[in-house]
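Let's read a structure together, one feature at a time. Have the sequence and the 3D view open while we talk.

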Amino acid sequence: MRPAMLSYIDQVTNLGKCLSDEVSLSLGLDVNYMREKFLSPEPVAIVRCFKYYAPENVPNGKPVWDIGEHTDFGYLTILNQGSSGLQILSPNNEWIDVPAQEDLLVCNVGDMFDMMTNGRFKSVPHRVQSPSTGSYRISFPFFFDFSWDATMVHLRLDHLPPLTQKQEQEAKIRWANTTFTGVSEVWAHYLAKKVKKVFSDLDLPDFEHNSKPSTRFTVAVNT
Ligand SMILES: O=C(O)CCC(=O)C(=O)O
Ligand SMILES: [Fe+2]
């Protein structure tokens, strides 16, 4: 399992870097902009491996949610899902199923990148429905995030047409509901805050800024 996961992490990390080149171009920036400014010396990658089981008691056949409505917090989430269950909130405020296909990865934008692009890239609410009786669901969200030491800033996008008033209002509502307020600190600061919030019972080491390449697998975390 470990070699397969390490290979998967390397490949999806490369994919995230290639997507970042497209993101840079789509914002009218140099192709290397995201890589150089936010992903160097290397992006932070957090992979979760989920196996969702069918709930034992389903109240009146109502849908049960394994993960309730939320937005992701960072830059890009690259999701590999073994079967359907994921839903996203469409621009018309309707929940729609995201199809699961073997050759399809889903990419979500996180809150921080939404704020950094002043709402050009949207962090979209999503949720996961529990599998039906007798089945299970496997999924691997890959949180492809900024490098530990990258300083979060609002991108200079004056060359792009301004958002409409409606888009601006919607963006402000999105940002009011995120974990982070402000875009100014290094990424490690936000990440530490988020991890401590989600895993409050973890005994975490002190997070320090580290401009050296990976310390992958060298930090022990007591659970
Ligand atoms: O399991 C999934 O399909 C999505 C998981 C998710 O949204 C998350 O971990 O943030
Ligand atoms: Fe998510």
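Q: What should I know before I start?
A: This is a predicted model, where local features need pLDDT of at least 70, side-chain atom pairs count only at pLDDT 80 or more, and totals for chains, interfaces and linings use all residues. Residues are numbered from 1 along each chain as its sequence is written, chains are lettered from A and ligands numbered from 1 in the order written, and side-chain values use heavy atoms, with hydrogens and water left out.

Q: Which residues surround ligand 1?
A: A residue counts as near a molecule if one of its heavy atoms lies within 4 Å of it. Here the shell is made of Phe50, Tyr52, Ile67, His70, Asp72, Leu79, His126, Val128, Arg137, Ser139, Pro141 and Phe143.

Q: Which strand gives the most to that shell?
A: Strands are DSSP runs of E with at least two residues, helices are runs of H or I with at least four, and both are numbered from the N terminus. Strand 9 leads with four residues. Strand 2 (50–53), strand 3 (65–70), strand 8 (126–129) and strand 9 (136–147) each bring at least two.

Q: Which side chains have a polar atom by an oxygen of ligand 1?
A: Look for polar contacts, meaning pairs of N or O atoms within 3.5 Å. Tyr52 has a polar side-chain atom 2.5 Å from a ligand 1 oxygen, Ser139 has one at 2.6 Å, and for Arg137 the distance is 2.8 Å. As for cover, ligand 1 alone exposes 290 Å², and the protein buries 96% of that (Shrake-Rupley areas, 1.4 Å probe).

Q: How many salt bridges are there?
A: A salt bridge puts a side-chain nitrogen of Lys or Arg within 4 Å of a carboxyl oxygen of Asp or Glu. The whole structure has four. One of them joins Arg35 and Asp21 at 2.9 Å, N to O. Arg35 sits in helix 2 (residues 33–38) and Asp21 in helix 1 (residues 2–26), so the pair ties together parts 14 residues apart in sequence.

Q: Is the pair Arg174 and Asp114 buried or exposed?
A: Buried means under 20% relative accessible area, exposed over 50%, and partly exposed in between (1.4 Å probe, protein chains only). Arg174, at 18%, is buried, and so is Asp114, at 1%. Their side chains meet in a salt bridge at 2.6 Å, N to O.

Q: What about Lys166 and Glu170?
A: They form a salt bridge too, at 3.1 Å, N to O. Lys166 is exposed at 57%, while Glu170 is partly exposed at 31%. The two are four residues apart in helix 4, so about one helical turn separates them.

Conventions
A polar contact is a pair of N or O atoms within 3.5 Å; within protein, one must be able to donate a hydrogen and the other to accept it, and residues adjacent in sequence count only if both atoms are side-chain atoms.
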